[in-house]
Amino acid sequence: MGIPSVGVGVQAFDESAKDAKMKEGVQARTVSVPYNYFGETKDRIFAEMREAVPGIKMALTIPLTEEEMKTGEIQPPDEPEILVGGTLEEVQEYFHHFRMTDGLPIIPPTRDRVSEMLKGTSHAPDEILGLIRPEFLQVSVEKVAINAVMAGCNPEYLPVILAIVEGYIEHDAEMWIVSATSMVNFHLVNGPIRNAIGMNRGVGAQGPGNQANATMGRAATLCNINLGGWWPGKNCLGTQGHPAQYTFCVPENEELSAWEPFHVERGYKSDENVVSTFTEFGGFYGSCEGMRQAMPKSLLSVQRCNQAAILIDPSLSEIILREGYTKRKLKEWLWENTTETFESWWQDPFLPNFLDKRFGEPGYWPKTYQRGNLPPDTIRVGTLVPKQLAKEA
Amino acid sequence: MTINGVYDALNPKGIKLPVRLFPLSPRLADLDHKTIYMVDLGKPGSDTAFDALEKYCSELMPEAKFVRKKKKLTYFADEPDLWAEVKEKADAFIFGVYD
């Protein structure tokens, strides 16, 4: 814009900001503070900003360096076609070290294997598909095939993976996996290709066991890592991540569904092969009030849990503790506040199989479900919690 | 190809393209009597952060005039009108918070 500026942000995003500057060719000046603003106390935010303001003034007034005044183009370094040669262990070590895997072992993408993989498509290997976020790296058909080999895919899966990647390119504004929230890309496959390549559309379709389901989702993740430059802690700052980020590719069970398939609903013919990508997240907001609003509702949805595992980011635990919630006090608060009416609770079709059959008789339920001053028709969910708290006392 | 248990692995990385360099705008010699826009991108918690920024910037740079602006749209949506105003009326601007 022709006027000096300075960005203010959080230190956790420094690496991401540095990458963005290099990618855009702009040596923007930034000032960062240690902690996230959301959920922080006013006193701490004010203290941090007081420390940051001198840096802001300097960023607007200190003359530009030679580096900051440069024009022209930065040419990327030549990348070798053969990245590394070695034993299986050496290749694994190299790929892991240089952040080209999801942490799991990969199939070394040799020329023979990639050539075999490319038989799964009629597209030319050097066909350019476009640029992928977040680093806007250029993607070719061959590069997708290389990542598909690494994931353990068969050649007949390649059309699905190419379609997923083309979706990433076409809808780059909607791919949120670089968010500070732990987002997941879910890929839904429709059409005859599901059965042709042996996807599991039945029992356990979202779980392990089927090569097509598992490896295609994995290939999509590896493409995000290697073709988009996505990396946890660098430009993907979801605090906890999500296991579904490893792989999440499932066929719709069109044959057993009573409804029209998703792709037909969206205007495609039933015999067309379509893959749809959904991006979603879950979790709580990073504040004590957000926790109080959201956590009981989530616990209620967890099959009337007697025991639940709640994973809390350390920064949120600090915020919650500042409001007086030790771990024990949080458990007690959740026990007290995760309530619903008996009628609603009893309507769950799952419960009667496991409970005393006298439940449901007017006014009958164990004392542990109701303590304190709840309305007579309201119970607390989680019968084992009082026993656990008593043991921990 | 694999020879005697040795694998030559192809490069899985996308291709970096040349990057055009944009020089930064020249800095101001000082901020006295300058109009400095403070553009709030609207992330959660930014109101308090900008309250603090406004307070301490005014204390450290009392001769400057600070104008606070908050994006009307979400942080990821462009607002050409806002940036046009900044370009027209500001001598410098602060933007944030990125998180």
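Chain A is split by the domain assignment into domain 1 (7-69), domain 2 (88-281) and domain 3 (288-392), bounds that come from an automatic or database domain assignment. Keep in mind as you read that this is a predicted model, in which local features need pLDDT of at least 70 and side-chain atom pairs count only at pLDDT 80 or more, while totals for chains, interfaces and linings use all residues. Residues are numbered from 1 along each chain as its sequence is written, and chains are lettered from A and ligands numbered from 1 in the order in which they are written.

The C-alpha centres of domain 1 and domain 2 of chain A are 35 Å apart. Their contact draws 6 residues from domain 1 of chain A and 5 residues from domain 2 of chain A, where two residues are in contact if their C-beta atoms, placed from the backbone, lie within 7 Å. The side of domain 1 of chain A that touches domain 2 of chain A holds 2 nonpolar, 1 polar and 3 charged residues. In this scheme Ala, Val, Leu, Ile, Met, Phe, Trp, Tyr, Cys and Pro count as nonpolar, Asp, Glu, Lys and Arg as charged, and the others, Gly among them, as polar.

Stepping back, chain A has 14 helices and 11 strands; these are DSSP runs numbered from the N terminus, with helices (H or I) of at least four residues and strands (E) of at least two. Of the contacts in chain A with a separation of 6 or more, 71% join residues 24 or more positions apart. Buried residues are 33% of its 393 residues. A residue is buried if 20 or more other C-beta atoms, placed from the backbone, lie within 10 Å of its own, exposed if 12 or fewer, and partly exposed in between.

Strand β1 (residues 5-10) of chain A pairs with β2(A) in the parallel sense over 4 bridges, pairing being called when DSSP finds at least two bridges between two strands. Within this pair, Val10(A) is opposite Val33(A) in β2(A). Thr30(A) and Ser32(A) point one way from strand β2 (residues 30-33) of chain A, Val31(A) and Val33(A) point the other way, and all are buried. Together with helix α1 (residues 14-24) of chain A, β1(A) and β2(A) make a right-handed β-α-β unit: with the strands pointing away from the viewer, the path from the first strand over the helix to the second runs clockwise.

Further along, Leu118(A) sits in the loop between α4 (111-117) and β5 (128-132) of chain A. Why is Leu118(A) classed as buried? Because 21 other C-beta atoms lie within 10 Å. Not counting residues up to four places away in sequence, Leu118(A) touches Pro125(A), Glu142(A) and Ala145(A).

Finally, let's turn to the partner chain. In all, 53 residues of chain B contact 74 residues of chain A, and α1(B) gives the most to the chain B side, with 8 residues. That side divides into 35 nonpolar, 9 polar and 9 charged residues. Strand β4 (residues 82-86) of chain A pairs with β2(B) in the antiparallel sense over 4 bridges, with Gly86(A) opposite Tyr7(B). Leu10(B) also belongs to strand β2 of chain B and counts as buried because it has 22 C-beta neighbours inside 10 Å. Leaving aside neighbours within four places in sequence, the contacts of Leu10(B) include Ile82(A), Leu83(A) and Val114(A). For the complex, the predictor gives an ipTM of 0.88 and a pTM of 0.82.
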